[in-house]
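Have the model open beside you as you read.

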Amino acid sequence: MARQIKKIDYDPENDIFFISNGDKVKASLDIGDFILDVSHDNFVCGLEIMDASENLGVSRELLKNIQNIKMSVTYKTNHVHVLLLMTFKKKDKDIHAFLNFTEESA
């Protein structure tokens with residue numbers, strides 16, 4: 001399910017990237033360098049990525065110039081799959097990148 005992203009924030013000094021659809025957070029799931037925020041409806045409503053440039057495979061400079069991002073979350077019985085589609089601007093060119101992330105529960 002694709003959700004509208006209302007907040008995009010990047011802290012280049014600490015290399016932390018954050019996105020949110022604006023829903024109120026009920027709980028957060030800490031999964032290594034990734035923190036998934038869950039709304040009161042039990043849907044993923046935000047994502048925080050530590051060491052973002054390394055985990056996303058893009059430079060800090062590009063992360064400071066993000067133009068657009070879409071987050072799609074698929075829920076299955078024992079896992080959550082998150083897909084991020086990002087567009088960056090570099091010297092008047094659009095650069096596209098994506099992150100595929102799946103968390104399985106035991």
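Q: Why is F43 called partly exposed?
A: Buried means under 20% relative accessible area and exposed means over 50%, with partly exposed in between (1.4 Å probe, protein chains only). F43 has a relative accessible area of 29%, so it is partly exposed.

Q: How do you know whether Y75 is buried, partly exposed or exposed?
A: Y75 comes to 31% relative accessibility, so it counts as partly exposed.

A word on the source: this is a predicted model, where local features need pLDDT of at least 70 and side-chain atom pairs count only at pLDDT 80 or more, while totals for chains, interfaces and linings use all residues. Residues are numbered from 1 along each chain as its sequence is written, and side-chain values use heavy atoms, leaving out hydrogens and water.

Q: What makes Y10 and F17 a tilted pair?
A: Rings of Phe, Tyr and Trp (its six-membered ring) pair if their centres lie within 6.5 Å; planes under 30 degrees apart count as stacked, over 60 as edge-to-face and the rest as tilted. Two aromatic pairs are counted by this rule. For Y10 and F17, the centres are 6.4 Å apart and the planes stand at 50°, so this pair is tilted.

Q: Why do Y10 and F17 get their accessibility label?
A: Y10 has 12% relative accessibility, so it counts as buried. F17 has 0%, so it counts as buried too.

Q: Why is the pair of F43 and Y75 called edge-to-face?
A: Their ring centres are 5.4 Å apart and their planes are at 65°, so the pair is edge-to-face.
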